[in-house]
Amino acid sequence: MSTLAHAAHDSMTMLRRNLKHAIRYPSVGFGTAMMPIMMLLLFVYAFGDSIGAGLPGGGGRDAYLEYLTPGVIIMGVAAGSMSTSIAVCSDMTEGIINRFRTMNITRSSFMTGHVIGSVLQTMVCTVLVVGVALALGFRSGATPLQWLAAAGLLAAIAFAVTWLSTALGLLSKTVESASNKPLLIQFLPFLGSAFVPAGSMSPGLRWFAENQPFTPMTEALRGLLSGSEIGNSGWLALAWCAVISLVGYVWSRALFNGTTKR
């Protein structure tokens with residue numbers, strides 16, 4: 001068996017392990033989906049009329065639901081990073097990694113299994129969020145091809161964020177700290193165009209919102225789901241995903257190799 005085939009086989013083994021954990025403890029994945037669902041309900045029914053009236057072109061609760069849904073979906077993808085960070089830190093601190101160290105397995109398969117498993121769980125949670133949005137009245141003008149592109153974009157975002165949260169999990173000494181470190185990732189969509197247009201913010205905050213990674217991701221997804229043109233947002237979103245994935249992967253490899261050599 002070649003080195004690449006051996007690594008793929010080991011990664012699939014670790015993926016099955018993580019998926020079995022997810023099935024055994026469904027409350028973890030369900031909890032990830034609940035936060036964006038609760039935010040969707042809160043903002044639509046508590047603030048939808050007032051915020052919707054301030055959107056370009058006006059509108060009320062229905063208009064705000066159309067605007068908010070893509071941002072909440074992105075926030076849900078970002079929220080999935082917490083469970084990844086906790087799972088990685090738990091494996092590193094509870095001794096299971098010592099067992100893996102004695103086995104003839106590819107070292108990177110430990111991280112790859114966590115990343116792919118988390119991406120799959122995040123996509124399932126995303127389907128739940130979209131289902132709730134549709135039940136509330138969200139209607140998309142996207143073609144089947146645009147829905148497929150939206151799914152691919154969300155998978156790319158989940159992949160990037162999960163690699164970064166893997167590094168944060170490896171960096172953490174306790175599960176408690178691992179649950180706190182990804183909070184910045186979850187908070188960033190709030191400081192973008194997820195809930196209100198960036199143009200309505202104060203100058204300093206608007207500059208940050210327009211130049212942070214989650215804004216082009218949100219705008220690209222919003223354009224795809226509405227069936228409209230996305231301009232440069234799609235390329236910017238994919239570029240940010242590539243950069244974040246690379247940083248997270250390199251950082252994770254360095255932390256994991258440094259830890260396992262102790």
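Is Cys125 buried or exposed? Cys125 comes out buried, at a relative accessible area of 10%, where buried means under 20% relative accessible area, exposed over 50%, and partly exposed anything in between (1.4 Å probe, protein chains only). Cys241 lands in the buried class too, with 4% relative accessibility. As for sulfur bridges, the structure has zero disulfides, a disulfide being a pair of cysteine sulfur atoms within 2.5 Å.

A quick word on the ground rules. This is a predicted model, with local features needing pLDDT of at least 70 and side-chain atom pairs counting only at pLDDT 80 or more, while totals for chains, interfaces and linings use all residues. Residues are numbered from 1 along each chain as its sequence is written, and side-chain values use heavy atoms, leaving out hydrogens and water.

On to the aromatics. Six aromatic pairs turn up in the structure; rings of Phe, Tyr and Trp (its six-membered ring) pair if their centres lie within 6.5 Å, with planes under 30 degrees apart called stacked, over 60 edge-to-face and the rest tilted. Take Phe43 and Phe47: their ring centres are 5.4 Å apart and their planes sit at 65°, so this pair is edge-to-face. Both belong to helix H2 (residues 26–53), and being four residues apart there puts about one helical turn between them. Helices here are DSSP runs (H or I, at least four residues), as are strands (E, at least two), numbered from the N terminus. Phe43 is buried at 16% relative accessible area, whereas Phe47 is partly exposed at 36%.

Phe43 also pairs with Phe195, with ring centres 4.7 Å apart and planes at 50°, so that one is tilted. Since Phe43 lies in helix H2 and Phe195 in the loop between helix H9 (183–187) and helix H10 (203–211), the contact ties together parts 152 residues apart in sequence. Phe195 is buried, at 5% relative accessibility. Ring pairs join Phe43, Phe47, Phe187, Phe190 and Phe195 into a cluster.

Elsewhere, a charge meets a ring. The charged end of Arg222 sits over the ring of Tyr67, 3.7 Å from its centre; the criterion is NZ of Lys or CZ of Arg within 6 Å of the ring centre and within 35 degrees of the ring normal.

Finally, helix H4 (residues 81–93). Its buried residues include Ser81, Thr84, Val88, Cys89 and Met92.
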